[in-house]
Amino acid sequence: MKLENRRAIVTGAAQGLGFAIASRLNAEGCKVAMLDINEEKVCAAAAELKDCFGVKCNVSSADDIAAAVKTCAEKLGGIDIVVNNAGILHNSSIPEATEKEWDMVLAINLKGPFFVVQQALPYLKESSCARVINIGSLAGRMGGFETGLAYSASKGGINALTMGLARQLSPFKINVNAVCPGTTETPITQAFTPEAMERLLTRIPLGRLGQPADMAAAVAFLASDDAAFITGLLMDVNGGMYMG
């Protein structure tokens, strides 16, 4: 197991991509703290795995993040890996988008990851194998095809945040990278209409939707020693939807 005895926190881990990431890290030997706003669901998900536990956390609240990260670090005995996965998707058109929707998307998708890293930083500095892995999106690379612009902007922000963190945390030997999925079969894509999903599928050269396991494999690689000399990378895992 490549990640034996390493300690990870994964946000948005109750279902979908977050659960797949937590499961893969756990299979590679990690102890995983699984964070989610749905406490009952995340604790039930953690019970399916070994050496994992669930913690309630609303990542749009800096106070919630501070309390949750402290709890995780105490239970894990430190933190080696942070995976910022929690996110929401809205597909409102430009005329239909509201201030409330915009603020919520940016708070969860962009503000949350920054403050998770901020609170985990003292523990990451003490780790000999510190990794931060943000979950971006194809939409953040090129604006998206069907997504609302609040989502695209939040994921573009994740790209900038990833590169900025990579540069500023490099003196502490903390590697910071992002996985940028294309359209992936998770609960978040239920926001798309069937017609939109059909259009998106035609844009994938490899001819299928991404699966959570595809993204989890990329996260596991970036968390491993095999990626020790990689930082500031935006890793596109999208079946060829975006090449550049």
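Is Thr-183 buried or exposed? I started my notes with that one: Thr-183 has a relative accessibility of 11%, so I put it down as buried (buried is under 20% relative accessible area, exposed over 50%, partly exposed in between, with a 1.4 Å probe and protein chains only).

**Ground rules.** I am working on a predicted model, where local features need pLDDT of at least 70, side-chain atom pairs count only at pLDDT 80 or more, and totals for chains, interfaces and linings use all residues. Residues are numbered from 1 along each chain as its sequence is written, and side-chain values use heavy atoms, with hydrogens and water left out.

**Thr-183.** I found Thr-183 in the loop between E6 and helix H7 (194-202) (helices, H or I, have at least four residues and strands, E, at least two; both are DSSP runs numbered from the N terminus). Not counting residues up to four places away in sequence, I listed Thr-189, Met-197, Leu-200, Leu-209, Gly-210 and Met-241 as touching Thr-183 (contact means heavy atoms within 4.5 Å).

**Arg-6.** Next I went to the segment before strand E1 (7-11), where Arg-6 lies. Despite its charge class, Arg-6 counts as buried, at 10% relative accessibility. I traced its side chain to the backbone oxygen of Ala-223, at 3.4 Å (a polar contact is a pair of N or O atoms within 3.5 Å; within protein, one must be able to donate a hydrogen and the other to accept it, and residues adjacent in sequence count only if both atoms are side-chain atoms). Leaving aside neighbours within four places in sequence, the contacts of Arg-6 include Gly-29, Cys-30, Lys-31, Asp-80, Ile-81 and Cys-129, as well as Ala-223, Ser-224 and Asp-225.

**H1 and H8.** Helix H1 (residues 16-27) and helix H8 (residues 212-223) have axes that come within 8 Å and cross at roughly 45 degrees (axes are lines fitted to C-alpha atoms, for helices over the stretch in contact, and angles run from 0 to 180 degrees between N-to-C directions). I therefore noted H1 and H8 as oblique to each other (under 35 degrees is roughly parallel, over 145 roughly antiparallel, 65 to 115 roughly perpendicular, and the rest oblique). Their crossing is right-handed (the near helix is turned clockwise from the far one by less than a right angle; anticlockwise is left-handed).

**H3 and H4.** Helix H3 (residues 62-76) packs with helix H4 (residues 99-126) at about 35 degrees, the axes being 9 Å apart. I logged this crossing as right-handed. From H3, Ala-62, Ile-65, Ala-66, Val-69, Lys-70 and Ala-73 take part, meeting H4 residues that include Gly-112, Phe-115 and Tyr-123. The class count reads nine nonpolar, two polar and one charged.

**Positive phi.** I picked out Asp-51, a residue other than glycine with a positive phi near 60 degrees. Asp-51 sits in the loop between helix H2 (39-46) and strand E3 (52-56), and at 48% it is partly exposed. Lys-173 likewise has phi near 60 degrees, but at 65% relative accessibility it counts as exposed.
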